[in-house]
Amino acid sequence: MGKINIAIDGPAGAGKSTAAKEIAKRLKIYYLDTGAMYRAFAYKVIKDGLDTKNHNDVLKTLEKSDVIVKYIDGEQKVIVNGEDVTPFIRTQQVAQGASDVAVFKEVRVKLVHIQRQVAKDYDVVMDGRDIGTNVLTDCKNKFYVTASADERARRRFLELGGKDSAKSLEVIKQEIIKRDENDSNRDYAL
């Protein structure tokens with residue numbers, strides 16, 4: 001019998017992760033947050049003091065980066081060169097960096113290879129911008145989740161602390177729109 005693979009596509013902040021985590025929990029299978037892999041790699045580029053938009057800088061980091069996904073006590077951890085970077089990847093700077101590095105074919109090829117291997121080895125729910133269309137292309141269980149930019153900004157605003165957030169709702173909305181544009185217009189989809 002083949003592995004159970006479930007793909008959930010959609011834009012940033014639409015609720016993909018929430019849905020994917022709940023499905024994985026109910027089915028007692030693994031959840032792979034593919035966005036966390038891109039965030040982890042972007043974090044490494046930023047930590048190296050390099051520019052996430054500069055192809056040469058990104059390639060320098062990619063060549064010397066080993067990205068591994070581990071599950072510890074049921075929680076996904078992303079390890080880059082032996083360091084668990086999971087606690088450091090949920091900032092807006094890293095989110096934008098993940099969108100930046102995802103435009104580079106070499107990054108996508110490397111991370112997609114890891115994602116496909118996880119799907120071969122485990123029953124898994126994956127979510128991301130293009131999981132069903134470009135990562136798990138043969139997956140029989142594909143879903144698309146979306147929400148308006150206003151709703152996604154509202155969710156992010158509340159996640160950042162609401163009224164106490166350093167960013168206004170409108171600034172967050174503009175960042176989401178920019179990220180959508182960046183993610184939708186990359187030359188290489190894989």
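Trainee: Which residues in α2 meet which residues in α4?

Mentor: The model is a predicted one. In it, Y38, R39, F41, A42, Y43, V45 and I46 of α2 meet Q93, V94, A95, G97, A98 and V101 of α4. By class, the residues of this contact are ten nonpolar, two polar and one charged.

Trainee: Why are α2 and α4 called roughly perpendicular to each other?

Mentor: The axes of α2 (residues 34-47) and α4 (residues 92-101) come within 8 Å and cross at roughly 100°. Angles of 65 to 115 degrees count as roughly perpendicular. The two helices are therefore described as roughly perpendicular to each other.

Trainee: How many aromatic pairs are found in the whole structure, and why is the pair of Y30 and Y71 called tilted?

Mentor: The search finds three aromatic pairs. For Y30 and Y71, the ring centres are 4.2 Å apart and the planes stand at 40°. Planes under 30 degrees apart would count as stacked and those over 60 as edge-to-face, so the pair is tilted. Y30 lies in strand β2 (residues 30-33) and Y71 in strand β3 (residues 67-72), 41 residues apart, and the pair thus links distant parts of the chain.

Trainee: What makes the pair of Y30 and Y122 edge-to-face?

Mentor: The angle between the planes is 75°, and edge-to-face applies over 60 degrees. The centre-to-centre distance is 4.9 Å, and rings pair if their centres lie within 6.5 Å. Y122 belongs to the loop between α5 (105-121) and β6 (124-128) while Y30 is in β2, so this pair ties together parts 92 residues apart in sequence. Through ring pairs, Y30, Y71 and Y122 are linked into a cluster.

Trainee: Are these three tyrosines buried, partly exposed or exposed, and how do you know?

Mentor: Buried requires under 20% relative accessible area, and exposed requires over 50%. Y30 has 34% and is partly exposed. Y71, at 21%, also counts as partly exposed. Y122 has 35% and is likewise partly exposed.

Trainee: What is known of the largest nonpolar core?

Mentor: The largest nonpolar core has 36 residues, and V107, M126 and L136 have the most contacts inside it. At least two residues each come from α2, α3 (55-63), β3, β4 (75-80), α4, α5, β6 and α6 (131-135). The largest share, eight residues, is that of α2. Leaving out residues up to four places away in sequence, V107 touches Y38, F41, V58, L62 and V101. A second, separate core has seven residues, including A20, A24, I29 and Y31. In soluble globular proteins, nonpolar side chains tend to be buried together.

Trainee: Why is S99 called buried, and what does S99 contact?

Mentor: S99 is in helix α4. Its relative accessibility is 2%, and the limit for buried is under 20%; S99 therefore counts as buried. Apart from neighbours within four places in sequence, S99 is in contact with R179, N182 and D183.

Trainee: Why is L27 called partly exposed?

Mentor: L27 is in helix α1 (residues 16-27). Its relative accessibility is 46%, and exposed would need over 50%; L27 therefore counts as partly exposed. L27 and D150 are 123 residues apart in sequence and, from C-alpha to C-alpha, 31 Å apart in space.

Methods: Residues are numbered from 1 along each chain as its sequence is written. This is a predicted model: local features need pLDDT of at least 70, side-chain atom pairs count only at pLDDT 80 or more; totals for chains, interfaces and linings use all residues. Side-chain values use heavy atoms; hydrogens and water are left out. Axes are lines fitted to C-alpha atoms, for helices over the stretch in contact, and angles run from 0 to 180 degrees between N-to-C directions. Helices (H or I, at least four residues) and strands (E, at least two) are DSSP runs, numbered from the N terminus. Angles under 35 degrees count as roughly parallel, over 145 as roughly antiparallel, 65 to 115 as roughly perpendicular and the rest as oblique. Contact means heavy atoms within 4.5 Å. Ala, Val, Leu, Ile, Met, Phe, Trp, Tyr, Cys and Pro count as nonpolar, Asp, Glu, Lys and Arg as charged, and the others, Gly among them, as polar. Rings of Phe, Tyr and Trp (its six-membered ring) pair if their centres lie within 6.5 Å; planes under 30 degrees apart count as stacked, over 60 as edge-to-face and the rest as tilted. Buried means under 20% relative accessible area, exposed over 50%, partly exposed in between (1.4 Å probe, protein chains only). A nonpolar core is a set of buried Ala, Val, Leu, Ile, Met, Phe, Trp, Tyr and Cys residues joined through side-chain atoms within 4.5 Å.
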